[in-house]
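Here are some quick notes to read alongside the model. Have a look at it first, then come back to the points.

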Amino acid sequence: AREAGCDPSMLYYHFQGKEGMFEALLERSIGPVVTELLALKDPKDPRSVAERLWGVICIYHRHLGESEGLRGLLRGEIIRGAEGIRESITKRVFPALGAIADLIRFGIERGDIRPDTAPLFATFFLARMELEILDLIPVLGPRVAGIPADQALPMAERAWFRLFWRGIATRPEEPLPFLNES
């Protein structure tokens, strides 16, 4: 209310409490992420499973890369939040995670991903690590490696994806040309 230059009662009129504001924030920020992630499992998409999974990283980066506060808020509310808020987050995030898991299952069916890969855990590892990279690399890259944050972040994302893909791929030695590998 202070930043908007309005009376706090105006916010409560429109949102009917903190939970209402949080719901609006979730819909505005998570909705586009879910929409794009669901599109990745389109059977008409001609890209490889690996390239579509790389798309997950790109979507998270594009929508959540500049939202450190939102990432922290979501993480905090999932861990210790009120049950209603936790349920609201689950309702919005579950379709996104389901889309990624479906894509991993598709990769298993096609023979691109090892059959012993657990789709839900692989989804968690892919998404969670990207969130950690978005939080840590811009700070650690310059301090630890002397690499500017704007260079360190894409380097870390590519390195993480290579490691992730090589762990689940049936042919891990094959190059990933979309990562500029030869």
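The points below cover the core, a pair of helices and a loop residue.

1. A word on conventions: this is a predicted model, where local features need pLDDT of at least 70, side-chain atom pairs count only at pLDDT 80 or more, and totals for chains, interfaces and linings use all residues. Residues are numbered from 1 along each chain as its sequence is written, and side-chain values use heavy atoms, with hydrogens and water left out.

2. Start with the largest nonpolar core, which has 41 residues (buried Ala, Val, Leu, Ile, Met, Phe, Trp, Tyr and Cys joined through side-chain atoms within 4.5 Å; buried means under 20% relative accessible area, with a 1.4 Å probe and protein chains only). Leu37, Leu53, Leu126, Phe161 and Trp165 touch the most other members. Helix α3 gives the largest share, nine residues (helices are DSSP runs of H or I, at least four residues, numbered from the N terminus).

3. Now zoom in on Leu37: beyond its neighbours within four places in sequence, Leu37 contacts Val56, Ile59, Tyr60, Ala96, Ala99 and Ile100 (contact means heavy atoms within 4.5 Å).

4. Next, the helix pair. Leu11, Tyr12 and Phe15 of α1 meet Lys18, Gly20, Met21 and Ala24 of α2. By type, the residues of this contact are five nonpolar, one polar and one charged (Ala, Val, Leu, Ile, Met, Phe, Trp, Tyr, Cys and Pro count as nonpolar, Asp, Glu, Lys and Arg as charged, the others, Gly among them, as polar).

5. Is Asp112 buried or exposed? Asp112 sits in the loop between α5 and α6, and is buried, with a relative accessible area of 13%.

Terms used
Buried < 20%, exposed > 50% of the residue type's maximum accessible area, 1.4 Å probe, protein only. Helix = DSSP H or I, 4+ residues; strand = E, 2+ residues; numbered from the N terminus.
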